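The following note concerns nonpolar packing and aromatic contacts. Please read the points alongside the structure.

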Amino acid sequence: MSPDNFSRVTEFILLGLSDTQELQLLFFILFLLSYAMVLLGNLLIIVTVRTDPKLSSPMYFLLCNLSFIDICYTSVTAPRVLVALLSGHKAITFEGCMAQLFFLHFVGSSEMFLLTVMAFDRYMAICRPLHYTAIMARRACWALVTACWVGGFIHSIVQTVLMLQLPFCGPNTIHSYFCDVPPVVHLACTDTTFTEWLMASNSGLISLGCFLVLVASYALILTKIRACLSQGHWKALSTCASHVMVVTLLFIPCIFTYLRPAGTLPTNMYVCIIYTTFSPMMNPLIYTLRSSEVKESMWRL
């Protein structure tokens with residue numbers, strides 16, 4: 001039977017994290033607190049960087065953009081999860097599911113590219129200090145941030161187009177609390193092996209490639225610091241340590257989720273919580289606690 005003969009599914013059912021009412025209340029409280037911390041923490045960083053002239057270096061400019069991306073990234077999934085946990089309404093329209101999938105990959109891949117740019121910024125500041133000001137000028141920073149958004153948009157368009165070409169005719173139950181490629185592609189009424197490999201090559205290789213670039217840059221930084229352990233380099237090492245924590249929280253779960261065809265292993269919803277909620281929540285804490293300049297500016301603010 002050709003895909004044109006299938007009746008397209010008009011909505012999906014997101015099973016969520018639990019069917020037990022007590023656990024749903026617990027998850028609602030945890031998600032609400034996490035989302036509030038993401039909003040308040042990242043908004044505080046944005047306001048602090050924008051209002052304090054001392055925080056005008058490229059590192060804080062990129063940090064401000066990272067906070068904005070974290071707010072957008074969590075807002076793609078968290079509000080709908082909170083509404084579903086509170087009201088019990090777990091249905092999402094087909095168009096809403098595809099829109100959520102698009103913006104999730106758009107903002108998520110943009111964040112990966114931006115973290116790679118931040119690692120490049122730290123490499124230039126520590127390993128090429130004489131050329132740092134010229135290379136990481138404000139115009140160059142804007143160009144790099146724009147490239148991150150453009151790269152994320154291209155990646156997300158590819159994922160969404162591949163999903164829209166699949167026929168959805170039968171089961172409409174998604175074993176997750178948001179729409180993403182691995183759980184949704186399972187519901188297609190056709191053989192999705194080739195499509196799954198394309199999507200794994202797209203999302204998985206982006207995650208793995210950015211992660212390897214980050215690891216290589218921090219390895220070069222550590223090599224440089226070993227040769228000259230001055231007070232300034234110890235400060236740079238502290239900053240890089242916070243970046244490594246963010247990278248670990250975001251990239252490892254993403255590589256586990258996307259660097260394989262969707263049918264090889266079931267999607268772990270609790271792993272998804274790490275990179276959709278926990279990582280954006282920890283970013284403000286990690287960067288503020290490891291940066292005395294940001295903490296001092298926040299107290300002044």
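1. A residue counts as buried under 20% relative accessible area, as exposed over 50%, and as partly exposed in between. Phe153, at 40% relative accessibility, is therefore partly exposed. The model discussed here is a predicted one.

2. Phe153 pairs with Phe102: the ring centres lie 6.0 Å apart and the planes meet at 85°, so the arrangement is edge-to-face. This pair links distant parts of the chain, since Phe102 belongs to helix H3 and Phe153 to helix H5, 51 residues apart. Phe102 has a relative accessible area of 14% and is buried. Both rings belong to a cluster joined by ring pairs, together with Phe68, Phe103, Phe106 and Trp149.

3. Phe153 also contributes to a nonpolar surface patch of about 470 Å², alongside Val150, Ile154, Ile157, Val158 and Val161. Val158, in helix H5, is partly exposed because its relative accessibility is 37%.

4. The count of aromatic pairs comes to 14. One of them, Phe12 with Phe94, is tilted, with 5.9 Å between centres and 35° between planes. Phe12 lies in strand E1 (residues 11–14) and Phe94 in helix H3, so this pair ties together parts 82 residues apart in sequence. Phe12 and Phe94 are both buried.

5. The largest nonpolar core comprises 66 residues; Phe31, Leu62 and Phe251 are among those with the most contacts inside it. Helix H2 gives the most to this core, namely 15 residues. Leaving aside residues up to four places away in sequence, Phe251 touches Met112, Leu115, Ser207, Cys210, Phe211 and Leu214. A second, separate core has 20 residues, including Cys97, Phe168, Cys179 and Val185.

Terms used. Residues are numbered from 1 along each chain as its sequence is written. This is a predicted model: local features need pLDDT of at least 70, side-chain atom pairs count only at pLDDT 80 or more; totals for chains, interfaces and linings use all residues. Side-chain values use heavy atoms; hydrogens and water are left out. A nonpolar core is a set of buried Ala, Val, Leu, Ile, Met, Phe, Trp, Tyr and Cys residues joined through side-chain atoms within 4.5 Å. Buried means under 20% relative accessible area, exposed over 50%, partly exposed in between (1.4 Å probe, protein chains only). Helices (H or I, at least four residues) and strands (E, at least two) are DSSP runs, numbered from the N terminus. Contact means heavy atoms within 4.5 Å. Patches are made of residues with over 30% relative accessible area and no salt bridge: like charges are joined within 9 Å, nonpolar side chains (Val, Leu, Ile, Met, Phe, Trp, Tyr) within 5 Å. Accessible areas come from the Shrake-Rupley method with a 1.4 Å probe; for residues, only the protein chains shown count as cover. A salt bridge is a side-chain nitrogen of Lys or Arg within 4 Å of a carboxyl oxygen of Asp or Glu. Rings of Phe, Tyr and Trp (its six-membered ring) pair if their centres lie within 6.5 Å; planes under 30 degrees apart count as stacked, over 60 as edge-to-face and the rest as tilted.
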